[in-house]
Amino acid sequence: MTASTPKIRIRDLHRSFGPKRVLAGLDLDLEVGESLVVIGGSGSGKSVLTKCILGLLPIDGGRIEIDGESMVNIRVEERERINRKIGMLFQGAALFDSLPVWENVSFGLLAQKKVNRKEAREVAVGKLAQVGLGTDVADLYPAELSGGMQKRVALARAIAGDPEIIFFDEPTTGLDPIMADVINDLIIKITREVGATALSITHDMASARKIADRIAMLYEGRIIWTGPTAEIDRSGNDHVDQFIHGRAEGPIKMAMRA
Amino acid sequence: MGFVQTIGRLALTFLRTTGRLGLFTASAFAHCVRPPFYWRIILKQMIDIGYFSLPVVGLTAIFAGMVLALQSYTGFARFSAEGAIANVVVVSLTRELGPVLAGLMVAGRIGASLAAEIGTMRVTEQIDALTTLSTNPMSYLVAPRLIAGLLMFPPLVLVADIIGVFGGYLVAVYKLGFNASNYLQSTWDFLEASDVYSGLVKAAVFGVIVTLMGCYHGYHSRGGAQGVGAATTNAVVSACILILAFDYVLTEMFFTR
């Protein structure tokens, strides 16, 4: 990897579901240490984009590279090695119901046999403290936690392996405004502490403005605008203006039926 | 034209499902013999499939044995062959009813539970989370359950055989007035090792079928609660049909040479 190699490079990415083209030649670069937020309407392909990068969905065409290494058509072992650099916060937290909180947090470490169970618990308690949760939470099960606490636990799990890249899928969806702001603050604090590169997807503009160094807008399968967060109000793009102001009238026509 | 299209669509769906199930099965077996092995999960599943299925399998077996004794008696009495009850009960149970009834009951209990559990994990992105944590879902979710099913069904069926024979003994001795020691002696004399072995081989195959169907349908479930419900139904129905189909195939293999 050279100094100019982006952390994530995506070129001409295509992905369709039947006749519906969700990603249609998407290009995107993410620099080391940068926090990029991809915004776009519901069903615009934001989640599909992250799933393609993570290898959870196969792509129809194009290139995805992490640290200059191709993520397309690689062996499972190679994919697992690269995934160890990555942490992911899922929209619905995606905590494992059958495991207590501490095992959820240190799941990746235990699975990779990096630590024994005693050490894993200590790491989990430390990570929980980083997201503002006490030791008393460690032995609870996910079903015993509120939505906000589940998000925090999921955040602790995402950073447990000290990842180089963290993906945030709709991090504030389903949370009240105060808890959403708490999660935003945690995302900023934690990505700085870990020194990670962050790729977030959201349609919550308050969250995007707060956590992003740079914002990119996804529309009809392509990035139609990208720029520093401070410039989004002066983007000069009608689609971006309509989206950030939440106007029903404008060039973006929402599908009223599937 | 519409009729031909429907036939074609059904044929394509059948081929696609068969291919997907074949690949899933091959991958599942490959992960059973390839590290990493999740011993804690295997042990937990063995307890769940084996130990916690004992009450339902035991109750099924004892009533099956009792009914079998009673039916055999009333049937055989027509040509004065009541003495063969012990033989009929033990052979029917070890060869057929033990493995098949246990398989069907556990398909309802474990197949449904596996499909619901893994299906919920699928629709709540927990399986995606496993992948992002560098854990292969086939190794972590499917292989331990398959191994547990393969290992725990034979002992479960052995217990069902014993309980079923005991059920027949209760009816024969306490209701029909048979001599207890003669009944047991007759059971023991007539029983051959191949009767028991064939039943246990069937049990192992049924164990794989039940766990595989539960995992397969759960793993491929889509669309929230409705999808998980459909996966659960499909897991139980397909496991039951496959158990009966494989029962015939295995019986043909064991007893028609």
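Me: Which loop of chain A does Ala94(A) lie in?
Reply: Before we look, this is a predicted model, where local features need pLDDT of at least 70 and side-chain atom pairs pLDDT 80 or more, while totals for chains, interfaces and linings use all residues. Residues are numbered from 1 along each chain as written, with chains lettered from A and ligands numbered from 1 in the order written. Helices (H or I, at least four residues) and strands (E, at least two) are DSSP runs, numbered from the N terminus. On that numbering, Ala94(A) sits in the loop between E6 and helix H3 (101-105) of chain A.

Me: Is Ala94(A) buried or exposed?
Reply: Its backbone is worth a glance too: Ala94(A) isn't a glycine, yet its phi is positive, about 55°. A residue is buried if 20 or more other C-beta atoms (placed from the backbone) lie within 10 Å of its own, exposed if 12 or fewer, and partly exposed in between. Ala94(A) has 23 C-beta neighbours inside 10 Å, so it counts as buried.

Me: And Asn73(A), buried or exposed?
Reply: Asn73(A) is another non-glycine with a positive phi of about 55°. You'll find Asn73(A) in the loop between strand E5 (69-70) and helix H2 (76-83) of chain A. With 8 other C-beta atoms within 10 Å, Asn73(A) is exposed.

Me: In what order do the six strands of the open sheet in chain A run?
Reply: Strands pair if DSSP finds at least two bridges between them. The pairing in this sheet is mixed, and the order is E6-E7-E8-E3-E9-E10.

Me: Which strands stand at the edges of that sheet?
Reply: Look for strands that have a single partner, so that one side is left without a neighbour in the sheet. In chain A that gives strand E6 (86-89) and strand E10 (222-228).

Me: What does Leu89(A) stand opposite in E7(A)?
Reply: E6(A) pairs with strand E7 (residues 165-169) of chain A in the parallel sense, over four bridges. Along that pairing, Ile86(A) faces Ile165(A) in E7(A). For Leu89(A), the residue opposite is Phe168(A).

Me: Which residues point the other way from Ile86(A) and Met88(A) on E6(A)?
Reply: In a regular strand, side chains alternate between the two faces of the sheet. Ile86(A) and Met88(A) take one side of E6(A), and all the residues named here are buried. Pointing the other way are Gly87(A) and Leu89(A).

Me: Over to chain B: how many helices and strands does it have?
Reply: Reading along the sequence, the pattern of chain B is α-α-α-α-α-α-α-α-α. Its C-alpha atoms fill a box of roughly 65 × 55 × 35 Å along the principal axes. The tally for chain B is nine helices and zero strands.

Me: How many residues of H4(B) are buried?
Reply: Across chain B, 46% of the 257 residues are buried. Just after H4(B), Glu125(B) has a positive phi of about 70°. H4(B) itself is largely enclosed by the rest of the structure, because the buried share of its residues is 28 of the 39.

Me: What is omega at the cis peptide bond between Pro35(B) and Pro36(B)?
Reply: To find the spot, go to the loop between helix H1 (2-32) and helix H2 (39-51) of chain B, where Pro36(B) has its place. The bond joining Pro35(B) to Pro36(B) is cis, with an omega of about 5°.
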